[in-house]
Amino acid sequence: MRTFTILKTILMSALMLFLFNNVSFAQGCTLFEDFEDMSQNSAYAGRMVTTPSGEWMILGHSQMDTNDRYFGTRSIRLRANNSDPATGAMTIPGEGTEGANVIQMQFDKPNGIGAVSFYYGSYSGHSGGIVSVEYSTDGGTTWIKPVNNSVTAPTWVNAGREMQEFSVPINVQGNARIRIIKYKQSGTQNTLNVDNICVTDFNPEGYVAAPTFNPPSGSYTSAINVIITSATENAIIRYTLDGSDPNEESEEYSTPIAISTQTILKAKAWKEDMEPSVVSTATYIFPQSVNTLSALRALAPEFTGGNNSGSIVYKYTGQAVVTHVQNFNNVKYIQDGSAAIMIFDPTGKITNVEVGDRITSITGTLSNYFGMLQIAPIEDCENAGYFYTVPATYITLNQLDNDPNNPIQAKIIRVEDVLYMQTGNFERGKYYDLKQNDIVYDSVVYTDKFEAEYIGQQIPTYITNITGVCNFKGGSGIPTRNRIVPLDDEGAVKITNINKSAIKLAPNPASSFVNIVTGAPMKLEVYSLLGNLIHVESLSEGSNTISVSNYPAGVYMMKLTNSNTGQSFIQKLVVK
Ligand SMILES: [Ca+2]
């Protein structure tokens, strides 16, 4: 009897252990994230994190203390009680909110999404934090809130650091991604932890196949005719053009739909004895072309003291030089002969762009974020060349005024013969006063470049010059105005330390020509993929244009040998 009791206890313990280990891992997760194995682990900051499941954008905190709740060793702590980028809050594009913390997939999961579940619990003595789930089926361009998408964390009970599970049915097919958002909340302290995110596949059994669109979502330059189909035979497809979800009263699809303006097309399919399909959405954009940054700025929403977002998509077709980049939210400053503007790109639509690049075809919406004009890209731009420089605009401190339409905004500016009124070391995210011609100008310097080399260095105690970027920024108790954000390297005014062997090919893929910029004279040899040498040419230092119009489409190896050092480099070129 006694042996049996012990055995029973062991068996029960084993069973309990089994249940405990699996309690947090809902069945059928084809994507599971427990934040145990992250490429980065740091305090509140906007950053991309690589885990075994993929790349995530995490604006939150992952250094645990005794007040956090988590499985294993770590969860994500979401706060968002203010809008200061230094604490990791972000602006959710199109949401018009001041700040939020977020855990967002930067990749698509195949096979759709059945449900999303995760564990949550209040941090420390906090309570009432609200987290909500959104999903996207267009690569993160638009986010949709499923029904009953949010949950509120209860009052703190510390015993065992328990967390509760929240589950939301989503039921979308195809490629999809999710994010968990904690918006800024005022009132009581409402920080909470989120862990063990589980996403299941969509189960298509019994459902009509979701409608698909041809051509698909995207930006187009001329009118299109969209064909809608469902893989389920004889399904009835209904659609809307006003952004609403189709129902059984919506227009029935019979012939291709002509679309020539910005449109959200939604379709849903029905068939007798089956569950109706999920709603499919396609967004068609016909960007309005604008060829100068000055004209682009004039189209931005008015500054009314908050964050004003526009919905019209513009395409900048001029050529602007990238003068300054920041890691946070992939911010970039660009300038052409007419004006400058800031690119706000939290989801990283624009790739492979550096200071000194000349870029074009920037497509996105405009917003006025507390007086700072921004363009939020919806797709990648074209990189038209490299190593360009922009001269700084020389200003006096009285030009750093409170006019949000001041034409120096976002430009590379330079002030001379100024004296810092503060002493000590530079700190990030701080305001400093300057004196020029015996007049003191309050808070005209803002150390917004968090990764700047001067952070931690001594503030000059002598009369100095500053080159920086003009940012319109206000802070708690600090008037909103144009300020100078000092740059380490004098921005694009003087691009120094270019690797003499630096080589860039553009465009790549190419069709008629490729521009090769080198830091030294080079010998070019072009090889086919089979290794046949098909072209030899001597390149001079700087920009060289090579015709590829008679190359058959395919991949080529560009071997470049530095004439001074003999060092060789291979670059791949795609001809389309
Ligand atoms: Ca964990």
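Which residue in the turn of the E26 and E27 hairpin has a positive phi? I looked it up, bearing in mind that this is a predicted model. Phe 370 has the positive phi, about 55 degrees, and 2 residues lie between the two strands of that hairpin.

**Entry: around E26**

I stayed with strand E26, residues 362-369, and checked burial. I found that 8 of its 8 residues are buried, so the strand is largely enclosed by the rest of the structure. Next I listed its pairings. E26 runs antiparallel to strand E27 (residues 372-377), and 6 bridges join them. Strand E21 (residues 307-316) also pairs with E26 in the antiparallel sense, over 7 bridges. I then followed Gly 364 in both directions: it is the bridge partner of Tyr 314, and its own bridge partner in E27 is Pro 377.

I moved on to strand E23, residues 332-335, and asked which way its side chains go. Lys 332 and Ile 334 point one way, Tyr 333 and Gln 335 the other, and all are buried.

For its neighbours, I noted that strand E22 (residues 320-325) is joined to E23 by 4 bridges and runs antiparallel to it. Val 321 is the residue opposite Gln 335 here. The hairpin of E22 and E23 has 6 residues between the strands, and in it Asn 329 takes a positive phi near 55 degrees.

On to strand E24, residues 340-343: it pairs with E23 over 4 bridges, again in the antiparallel sense. Lys 332 has Ile 343 as its bridge partner in E24. These two strands form a hairpin as well, with 4 residues between them.

**Entry: an open sheet**

I traced a sheet of 5 strands and wrote down its order as E13-E19-E18-E15-E16; the sheet is open and its pairing is mixed. E13 runs parallel to strand E19 (residues 280-285), with 2 bridges joining them. Gly 218 is the residue I found opposite Tyr 284 in E19.

**Entry: whole chain**

The protein chain has 2 helices and 41 strands. It has 576 residues, of which 39% count as buried. Among contacts with a separation of 6 or more, 66% are between residues 24 or more positions apart.

Technical notes: Residues are numbered from 1 along each chain as its sequence is written. This is a predicted model: local features need pLDDT of at least 70, side-chain atom pairs count only at pLDDT 80 or more; totals for chains, interfaces and linings use all residues. Two strands pair if DSSP finds at least two bridges between them. A residue is buried if 20 or more other C-beta atoms lie within 10 Å of its own, exposed if 12 or fewer, and partly exposed in between; C-beta atoms are placed from the backbone. Two residues are in contact if their C-beta atoms, placed from the backbone, lie within 7 Å.
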